[in-house]
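Please keep the sequence and the structure in view while reading.

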Amino acid sequence: LTPAVLASRTAVAALMRTMLDSPVVQRQVWHTGALLQHAGSADAAASRLLLAMTAGTSAYVPASHHMPWYQTALLDIALVYGLLLLGVAVIVRSVWGMCITVLVAPMGDVVGSAAATAEAAKKVQ
């Protein structure tokens, strides 16, 4: 080994010791370890990578590859939501019309109907 290589190794080792003693690096290492543990450990990740390298990735096809164009664009879902909103609008309009009919019709018979107005005009003459 040449002196330059030995110097670079000792410099790297000193830098590693400095980094590992840092609380920020320790926190990041702990966080990364927790993520790996939650995801099934580093062995599971390594086995998935090995499986992808040996078997290939042709089995991993995007979901949109086998779907029709209208499902890919989510038009079927938009159609269902649109029909639901249209149904709600029709129901609200019908209920509003019934409320207006129930509340306004009795007053119209007494006050503003044409027959009541003609009868009142005959009584006046």
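In which helix is Leu-36 found? Leu-36 belongs to helix 2, the element that covers residues 23–38. The model is a predicted one, and the points below should be read with that in mind.

**Leu-36 and its surroundings**
- When the neighbours within four places in sequence are left aside, Leu-36 is in contact with Ser-41 and Ala-42.

**Helices and the residues that follow them**
- The chain contains 6 helices and 0 strands, so that, read from the N terminus on, its elements follow the order α-α-α-α-α-α.
- Helix 2 consists of 16 residues and reaches 22 Å from its first C-alpha to its last, which is close to the 22 Å expected at 1.5 Å a residue.
- Just after helix 2 comes Gly-40, which takes a positive phi of about 110°.
- Helix 3, made up of residues 41–55, has 15 residues and reaches 21 Å between its first C-alpha and its last, again close to the expected value, which is 21 Å at 1.5 Å a residue.
- Helix 3 is followed by Gly-56, and the phi of this glycine is likewise positive, near 90°.

**Surface and burial**
- Of the 125 residues of the chain, 1% count as buried.
- The chain exposes about 11,000 Å², and carbon and sulfur atoms supply 73% of that area.
- A nonpolar patch on the surface is formed by Leu-74, Ile-77, Val-80, Tyr-81 and Leu-84, which together have about 510 Å² of accessible area.
- One of the patch residues, Ile-77, lies in helix 5, which spans residues 75–112.

**Confidence of the prediction**
- The mean pLDDT of the chain is 78, and 80% of its residues reach 70 or more.
- Among the elements of the chain, helix 5 has the highest mean pLDDT, at 83, whereas helix 6, which covers residues 114–124, has the lowest, at 69.

Note on methods:
Residues are numbered from 1 along each chain as its sequence is written. This is a predicted model: local features need pLDDT of at least 70, side-chain atom pairs count only at pLDDT 80 or more; totals for chains, interfaces and linings use all residues. Side-chain values use heavy atoms; hydrogens and water are left out. Helices (H or I, at least four residues) and strands (E, at least two) are DSSP runs, numbered from the N terminus. Contact means heavy atoms within 4.5 Å. Patches are made of residues with over 30% relative accessible area and no salt bridge: like charges are joined within 9 Å, nonpolar side chains (Val, Leu, Ile, Met, Phe, Trp, Tyr) within 5 Å. Accessible areas come from the Shrake-Rupley method with a 1.4 Å probe; for residues, only the protein chains shown count as cover. A salt bridge is a side-chain nitrogen of Lys or Arg within 4 Å of a carboxyl oxygen of Asp or Glu. The expected span of a helix is 1.5 Å times one less than its number of residues. Buried means under 20% relative accessible area, exposed over 50%, partly exposed in between (1.4 Å probe, protein chains only). pLDDT is the predictor's confidence in each residue, from 0 to 100.
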